[in-house]
Amino acid sequence: MENLIPTINRLQEVFLTVGAEIIQLPQIVVVGSQSSGKSSVLESLVGRDFLPRGSGIVTRRPLVLQLVNVAPLQERLKIDNGIKTEEWGTFLHCKNQIFADFAEIRREIEAETERSSGDNKGISPEPIYLKIFSPKVLNLTLVDLPGITKVPVGDQPEDIESQVQEMILSFISNPNSLILAVSPANSDLATSDALKLAREVDPDGRRTLLVVSKLDLMDAGTDALEVLLGRVIPVRLGIIGVVNRSQHDINTQKTLEDSIRDEQVFLQRHYPSLASRAGSRYLAKTLSRLLMHHIRDCLPDLKTRVTVLSAQYQARLNSYGQPVEDQSATLLQIVTKFASDYCNTIEGTARHIQTTELCGGARMCYIFHETFGRTLQSIDPLGGLTELDILTAIRNATGPRPALFVPEVSFELLVKRQIKRLEEPSLRCVELVHEELQRIIQHCSSFSTQELLRFPKLHDSIVEVVTGLLRKRLPITNDMVHNLVAIELAYINTKHPDFTDAAQVSASVNSQQAEALDGGKRWKNEKVAEEKAPTAGFGSPSKGQAINLLDTAVPVSRKLSAKEQRDCEIIQRLIKCYFLIVRKSIQDSVPKTVMHFLVNFVKEHLQSELVGQLYKQPLLQELLIESQDTAQQRTEVAQMLEALKKANNIISEIRETHLW
């Protein structure tokens, strides 16, 4: 049981080397108003005068004080020739330096405080770590904090009160800390700032001990008996009264031994019933006992916390990878892994599958069958073609002779114009797939290959090589898609098995018209319509007019003759039939072309391209330079892991039987 406090002190030292605050170690935190006597209480526990003293705010930085009980000098000299002094102190910031003179310790505390906080009452949250070895002390770990103040003085900022309170709360909110609240006897306990702060973080009072200081300074005729007995404000861990050294005692250099003797005399005279349960010596024993029991209660959770953190930091260290030894092997490994992850993302077999949006091969499938397919389906076979356009094309195709039949040239001319409209969505499909292949690079960089984050230059080079390969294949794929449309335009195959014969279409249209009109009425209406039709529409264009009849002043709303109606319908049916055949062919062949010329080519040649471009001896050194962040984080995590392993070993040294 006696070994518990030194064990916690060792743990504290281990974690101080890495500056970690992730483990909340058990310790006693001293809290009180400014000039309430906190430093005097600490000095009485040590038995030596070593803290800066005076009026106003003196403690301006947290002081973590570790008291270590050692054997007397005579006994130690029999065992080894170690430090030849009865009592001494050491500071963490002055490694390997021993302070045998306690006046030097005070000067060092003052100098270290001024170094961080300035010399005009400023405060700093950065702790000073002091360890005191003495045969006269009990094993304790205490934290002396700046006193609670209200009004800024000197260089102190306007929000000094909130700053001090935040600093105090950061220490006492640690559930593994004991709160030593110091309140002077000559002020009302109900107005104690120390108890108020302690209640905020420890409402049940399970870890709060109250020290009533300056018992000898109470008004004549009053005493603190009711307070010490807990009848005013009950405190679960107890209330202990002490008598501090006065400023006169300090000025006359009254020893602490004499002060403690006088304290006992005062207590026997004024509080005889409580003399055995009050005073600095009783306080030291109580604190040591409380801290040991508190550590005993915290130790199982502490061990669990250390074990869990060790596993977490080991996983983090593994994610940063080992320092590079064989550069060639490392580069090949990273390049191969990236190429594999890239191909797996396209195939849909990657380890990191997106759940928020389509990615890789799934998105390409969506582009082919949803985006591209729907776009083609939405194209009207006769879009942009009016009946007048068709009639104009028919008349242009016959030249100066009147047409007996619908000329084939007009059909070819018009159907090519419609087929040409399939080229733009086809090229857009290629562009969308190219963009998705670019996005896969970022996907692989961020999700699959942790090593790429270690080597930013290698990452940039890989992105550049893959982007270059995609850029090189894009015009080739575009040319092939352009050729697919050009192939359809090159030869209009009217003998296609799915194409309806023109004679059948003509017969079908004629029969429909015959059913609609009887013979005599049909010819009469046609003759009347021809007489009423304005000759300007289809006359020879006058000088200065455009040859394109679409630009001439032809009334759009004029009624077509039956023959014109029949010719238009025949051409429309033929165009629609042939356009649907070509659209079906394009819808099938464009995705195949994109897969062959772009996607599959990149998959097959990606690794060889990366190796060919990057696996060059002069480049290895440059590409495998780690980012400063990664190297620094690996070092920090390794140090923390080492500290956690040491902490685990220290805790494991305590046998379960020692706890009880």
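**Close-up views of a predicted model**

**View 1. G89 touches Q97, I98, F99, I105, K131 and I132, not counting residues up to four places away in sequence; contact means heavy atoms within 4.5 Å.** The model is predicted, so local features need pLDDT of at least 70 and side-chain atom pairs count only at pLDDT 80 or more, while totals for chains, interfaces and linings use all residues. G89 itself lies in strand β3; helices (H or I, at least four residues) and strands (E, at least two) are DSSP runs, numbered from the N terminus. With a relative accessibility of 0%, G89 counts as buried; that word means under 20% relative accessible area, with exposed over 50% and partly exposed in between (1.4 Å probe, protein chains only).

**View 2. Five aromatic pairs turn up in a search of the whole structure.** One of them joins F50 and F102 in an edge-to-face arrangement, with 6.4 Å from centre to centre and 70° between the planes. (Rings of Phe, Tyr and Trp, the last by its six-membered ring, pair if their centres lie within 6.5 Å; planes under 30 degrees apart count as stacked, over 60 as edge-to-face and the rest as tilted.) This pair links distant parts of the chain, 52 residues apart: F50 is in the loop between α2 (38-46) and β2 (63-69), and F102 is in helix α4 (residues 102-117). Both F50 and F102 are buried.

**View 3. The rings of W88 and F133 are stacked, because their planes are at 10° and their centres 4.9 Å apart.** Here too the pair links distant parts of the chain, with W88 in strand β3 (residues 88-91) and F133 in strand β4 (residues 128-134), 45 residues apart. W88 is buried at 6% relative accessibility, and F133 is buried at 15%.

**View 4. Helices α2 and α10 (residues 280-320) pack at an angle of about 80°, with their axes 9 Å apart.** The two helices are therefore roughly perpendicular. (Axes are lines fitted to C-alpha atoms, for helices over the stretch in contact, and angles run from 0 to 180 degrees between N-to-C directions; under 35 degrees counts as roughly parallel, over 145 as roughly antiparallel, 65 to 115 as roughly perpendicular and the rest as oblique.) V41, S44 and L45 of α2 meet S280, L283, A284 and L287 of α10.

**View 5. L283, in helix α10, is buried, with a relative accessible area of 0%.** Neighbours within four places in sequence aside, L283 is in contact with V41, L45, L180, L209, V211, I240 and V242. L283 and V41 are 242 residues apart in sequence, yet their C-alpha atoms are 9.1 Å apart in space.

**View 6. K214 has a positive phi, near 55°, and is not a glycine.** You will find K214 in the loop between β7 (208-213) and α7 (225-228). Most residues other than glycine have a negative phi.

How values were computed. Residues are numbered from 1 along each chain as its sequence is written. Side-chain values use heavy atoms; hydrogens and water are left out.
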